[in-house]
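Here is a short note for someone opening this entry for the first time. Please read the points with the sequence and the structure at hand.

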Amino acid sequence: MSVFVLIPGAGGAAWYWHPVVSAVRAAGHEAVAVDLPGADGSAGLPEYADAVVAAIGGREDVVVVAQSMGGFTAPMVCTRTPVHLLVLVNAMVPLPGETPGQWWGNTGSEAAREAAARAGGYPTEFDLDTYFLHDVPPEVAAASSAHERPEADIAFGQPCAIDRWPRVTTRVIAAAGDRFFPLEFQRRVALDRLGIDTDEVPGGHLAALSHPAELAARLIGYVGT
């Protein structure tokens with residue numbers, strides 16, 4: 001049995017992962033979604049890493065899974081506690097010492113997002129419905145509003161505190177319909193920064209809400225049943 005420790009993206013709501021948690025547990029593995037203090041203006045990346053390390057505790061055979069901005073917290077965690085596998089899902093892939101605020105310009109993410117919007121025929125101006133909720137079932141999207149949190153500015157100015165990418169087997173998953181971090185953009189960043197190929201799943205940026213069964217199956221496939 002593996003233990004999947006799931007890190008949310010901006011805002012830090014563990015609720016985001018709840019459909020994947022259910023699917024992973026149904027397959028006989030343990031799953032723990034970590035709630036992060038994303039809205040707390042006095043807490044940033046070090047505190048996020050603290051929360052994940054505390055959630056792992058003394059567990060073994062740990063798979064750390066990070067969504068979106070959680071990609072900055074995950075490698076910091078892997079330098080502090082034993083991790084069997086690191087999986088990035090529609091995630092920001094940081095360089096050592098890079099801040100989330102720097103990442104956007106360094107990777108060219110905004111240009112990639114806008115180019116994909118023009119090609120796909122949807123607005124280039126960001127809004128939640130267009131970029132995050134477009135493929136999420138309406139009832140799930142409605143429920144998500146109760147769990148939405150702002151992401152305080154502090155974390156965007158803090159570096160990913162690693163000297164090099166951790167020596168942990170890393171997988172990158174990108175959703176085919178992600179409008180926020182388009183698929184080809186994610187493939188390029190993963191190759192440039194980690195030298196690894198990207199595994200594709202269906203869904204948009206919030207694939208854990210729109211296609212949880214497929215995402216959970218991909219995660220479980222990395223460790224076996």
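At what angle do helix α4 and helix α8 pack, and how far apart are their axes?

1. The model is predicted. In it, helix α4 (residues 100-107) packs against helix α8 (residues 183-194) at about 105 degrees, and the two axes lie 12 Å apart. Angles of 65 to 115 degrees count as roughly perpendicular, so α4 is roughly perpendicular to α8.

2. On the α4 side, the contact is made by W103, N106 and T107, and α8 supplies F185, R188, V189 and R193. Sorted by class, this contact of α4 with α8 has three nonpolar, two polar and two charged residues.

3. The crossing of α1 past α10 is right-handed.

4. Which residues of α1 meet α10? They are P19, V20, A23 and V24, and their partners in α10 are P212, L215, A216, L219 and I220. By class, the contact of α1 with α10 has nine nonpolar residues, no polar ones and no charged ones.

5. The largest pocket has a volume of about 630 Å³. It is lined by 29 residues, of which G9, A10, G11, F132 and L206 are the closest to its centre. The lining of the largest pocket divides into 18 nonpolar, eight polar and three charged residues.

Terms used:
Residues numbered from 1 in each chain as written. Predicted model: local features only at pLDDT ≥ 70, side-chain atom pairs only at ≥ 80, totals over all residues. Heavy atoms only, no water. Left-handed = near helix turned anticlockwise from the far one by under 90°. Helix = DSSP H or I, 4+ residues; strand = E, 2+ residues; numbered from the N terminus. Contact = heavy atoms within 4.5 Å. Nonpolar A, V, L, I, M, F, W, Y, C, P; charged D, E, K, R; others polar. 1 Å grid on protein atoms, 1.4 Å probe; cavity = no way out; pocket = protein on both sides within 12 Å on 5 of 7 lines; lining within 4 Å. Points joined across faces, edges and corners; volume = space filled by probe spheres on them. Axes fitted to C-alpha atoms, helices over the stretch in contact; angles between N-to-C directions. Parallel < 35°, antiparallel > 145°, perpendicular 65-115°, else oblique.
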